[in-house]
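Here's a quick briefing to read alongside the model. Have the sequence and the 3D view open as you go.

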Amino acid sequence: MKRIVTITLMLLLASSAFAQQNWATFKKDSEGLYLYVADEQVSNFSFMLSSRSYIDYVKQESDSNFYYPLKAIWVKDRGSFYVLQPLPQQTDSIRRSTLTSIQLLKNFYGDVQIDWLKFLFRSPLTDMADNLNAVFLNDTVSVTVRYPDEETVNYERRTFTAGGQLGRIILDMKGMRAITTPYYQEVNNKWICIGWMSQVYREGEVTSGMQVSVQYSKSEEKIVPETVVTTIQNISDPGASSSITLYLKDFAFNEPFEVLDSNEKETPVAN
């Protein structure tokens, strides 16, 4: 019965969207079909962040179970912040090494956060304006955003199915093109992203790529990412690859944060 209802819903949305040929309506109807962390009831959220490599480092170098060194915070309309958790007692050399490992964790999370915002934390339509020009074809809807003032990016194109599911993102850059394909699974009659694959092409040849897989858990009655594994392709040796595993826990929502502006950076402070 659930499958019949879902299929019927997809057909109705497709029929409505294509009949009206209206991007704003298509976006509004489709966004409600995704399951993601920062829905319309969420003004901010936070979680504890760690990685497989950091946990291995702590086990090897420190007599501690201090496995989650960063609290990551996202505030609507303000962006992302980090709070370093209190470190255990360490020698100076171990502390410097620990802080270096934490910086590597923060750097990697910063690198992947753009994709996480599209696929995990928000829907793939959240950051798209309502007044974009969309191309409605037989069974797809494509929207292209051009960046005439950017030095490295020409345009970004997102293609959706008639039922509203994101099928592909193309990022056209100077001399390169990145293609990202997300994968979704139905949960509670909505789509949740379980991973994606990205490849960068130069002159038609793949120069780099990565595969991401996501495992979820439940926190405060919300389904949230718990483990995210990023496997990076080795183009020179197709049989070899490297993986980076990030762990997320202790999600909290709508905390009484106040973002304080200063000359150096904006810092969230709990009221």
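Helices α3 (residues 52-61) and α4 (residues 92-121) pack with their axes 10 Å apart and at an angle of about 170°. That angle makes α3 roughly antiparallel to α4, a label used for angles over 145 degrees. Keep in mind that this is a predicted model, where local features need pLDDT of at least 70, side-chain atom pairs count only at pLDDT 80 or more, and totals for chains, interfaces and linings use all residues. Residues are numbered from 1 along each chain as its sequence is written, and side-chain values use heavy atoms, with hydrogens and water left out.

- On the α3 side, the contact (heavy atoms within 4.5 Å) is made by Y54, Y57 and E61.
- From α4 come I94, S97, T98, S101 and I102.
- By type, the residues of this contact split into four nonpolar, three polar and one charged; here Ala, Val, Leu, Ile, Met, Phe, Trp, Tyr, Cys and Pro count as nonpolar, Asp, Glu, Lys and Arg as charged, and the others, Gly among them, as polar.
- The axes are lines fitted to C-alpha atoms, for helices over the stretch in contact, and the angles run from 0 to 180 degrees between N-to-C directions.

**The chain overall**

- The protein chain has four helices and 14 strands; these are DSSP runs numbered from the N terminus, with helices being H or I of at least four residues and strands E of at least two.
- Of its 271 residues, 42% count as buried, meaning under 20% relative accessible area, while exposed means over 50% and partly exposed lies in between (1.4 Å probe, protein chains only).
- Take the contacts between residues at least 6 apart in sequence: 48% of them join residues at least 24 apart.
- The chain exposes about 15200 Å², and carbon and sulfur atoms supply 49% of that; the areas come from the Shrake-Rupley method with a 1.4 Å probe, and for residues only the protein chains shown count as cover.

**The sheet**

- Twelve strands make up an open sheet with antiparallel pairing, in the order β3-β2-β1-β12-β11-β10-β9-β8-β7-β6-β5-β4; two strands pair if DSSP finds at least two bridges between them.
- At the edges sit β3 (79-84) and β4 (134-136), each pairing on one side only.
- On average, neighbouring strands here are turned by 20° against each other, direction ignored.
- Helix α3 turns up again here: it packs on the sheet, touching β1 (44-51) and β12 (241-253), and its direction makes about 55° with that of β1.

**Strand pairs and their hairpins**

- β2 (residues 70-75) and β3 run antiparallel, joined by six bridges, and K71 has V83 in β3 as its bridge partner.
- The β2 and β3 hairpin has three residues between the strands, and D77 takes a positive phi near 70° there.
- β10 (residues 205-219) and β11 (residues 222-233) pair in the antiparallel sense over ten bridges, with V224 in β11 as the bridge partner of S217.
- Two residues lie between the strands in the β10 and β11 hairpin, where E220 takes a positive phi near 50°.
- β11 is also joined to β12 by seven bridges, the two running antiparallel, and V228 stands opposite L246 in β12.

**Positive phi in two loops**

- N189 isn't a glycine, yet it has a positive phi of about 60°.
- You'll find N189 in the loop between β8 (176-187) and β9 (190-202), where it counts as partly exposed at 38% relative accessibility.
- E203, also not a glycine, has a positive phi of about 55°.
- E203 is in the loop between β9 and β10 and is exposed, with a relative accessible area of 79%.

**A buried lysine**

- Is K27 buried or exposed? K27 is buried, with a relative accessible area of 8%.
- K27 lies in helix α2 (residues 23-31).
- Leaving aside neighbours within four places in sequence, K27 is in contact with L125, T126, M128, A129 and D130.
- K27 and L125 are 98 residues apart in sequence, but 6.6 Å apart in space, C-alpha to C-alpha.

Definitions and conventions:
Parallel < 35°, antiparallel > 145°, perpendicular 65-115°, else oblique.
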